[in-house]
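Dear colleague,

Please find below the structure that I am handing over to you. My notes on what was found in it follow directly after.

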Amino acid sequence: MKQVVAVTAAAGVAAAAYYWLARSDPRDAGILPYRDPQAVALGEAVYLDNCASCHGADLQGEPNWQDRDSDGYLPAPPQDESGHTWHHPDAQLLDITRRGVAEVVGDGYRSRMGGFAGVLTEEEMLAVLAYIKSRWPAEIVSRHNQINSQAGD
């Protein structure tokens, strides 16, 4: 009986360790399909149609994006590694894309970026974010995946 309990316990520990290791694999962190070529291609097309006019065709953002304009708005930030997008976990990025910056931040925050719910499908929003992430250098992708792991995404 003791052997059965010991073997069962060992199997449970091994399964938990396997799950933890698989979940902590940085390539699996998050919800964005950034390694899926079809999703990335869809995301690029949707990005160019819906996001590039503000965030730039090369993800470069608007000039002086950290300085409020005369109306009190921040210009569109870059979506490349020089911006702050990668500092946020996937779920938050999707929420911002879905509902808009002001809605997510609240407390009277003002932003020109409204939400895309009703404009883009959930698949299209995830694809856009996947496209953006696919353009980041490997080091930034790794750091972003760590953020997702810590956030539980």
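I begin with a glycine: Gly-100 comes directly after helix H4 and has a positive phi, near 95°. Helices here are DSSP runs of H or I with at least four residues, strands are runs of E with at least two, and both are numbered from the N terminus.

The model is a predicted one, in which local features need pLDDT of at least 70 and side-chain atom pairs count only at pLDDT 80 or more, while totals for chains, interfaces and linings use all residues. Residues are numbered from 1 along each chain as its sequence is written, and side-chain values use heavy atoms, with hydrogens and water left out.

Overall composition. The protein contains seven helices and zero strands, so that its elements, read from the N terminus, run α-α-α-α-α-α-α. Of its 153 residues, 36% are buried, where buried means under 20% relative accessible area, exposed over 50% and partly exposed in between (1.4 Å probe, protein chains only). Among contacts (heavy atoms within 4.5 Å) with a separation of 6 or more, 57% are between residues 24 or more positions apart.

Helix H4 and its surroundings. Within H4 (residues 90-99), the buried residues are Asp-90, Leu-93, Leu-94, Asp-95, Ile-96 and Thr-97. These residues pack against helix H5 (101-105), H6 and H7. Asn-148 belongs to helix H7 (residues 138-151) and is buried, at a relative accessible area of 0%. A polar atom of the Asn-148 side chain lies 2.8 Å from the backbone nitrogen of Asp-90.

Packing of H2 and H6. Helix H2 (residues 37-50) packs with helix H6 (residues 122-134) at an angle of about 100°, and their axes are 7 Å apart. H2 is therefore roughly perpendicular to H6, a term for angles of 65 to 115 degrees; angles under 35 count as roughly parallel, over 145 as roughly antiparallel and the rest as oblique. H2 contributes Ala-39, Val-40, Leu-42, Gly-43, Glu-44, Val-46 and Tyr-47 to the contact, and H6 contributes Glu-123, Glu-124, Ala-127, Val-128, Ala-130, Tyr-131, Ile-132 and Ser-134. By class, the residues of this contact are 10 nonpolar, two polar and three charged. The axes are lines fitted to C-alpha atoms over the stretch in contact, and angles run from 0 to 180 degrees between N-to-C directions.

Loop residues. Two residues other than glycine also deserve mention for a positive phi. Leu-59, with phi near 65°, sits in the loop between helix H3 (52-55) and H4 and is buried, at 1% relative accessible area. Asp-107, with phi of about 50°, lies in the loop between H5 and H6 and is exposed, at 84% relative accessibility.

His-84 is likewise found in the loop between H3 and H4, and is partly exposed at 32% relative accessibility. Apart from neighbours within four places in sequence, His-84 is in contact with Trp-65, Pro-77 and Pro-78. The side chains of His-84 and His-88 are joined by a polar contact of 3.5 Å, that is, a pair of N or O atoms within 3.5 Å, one able to donate a hydrogen and the other to accept it, with residues adjacent in sequence counted only if both atoms are side-chain atoms.

With kind regards

Terms used. Ala, Val, Leu, Ile, Met, Phe, Trp, Tyr, Cys and Pro count as nonpolar, Asp, Glu, Lys and Arg as charged, and the others, Gly among them, as polar.
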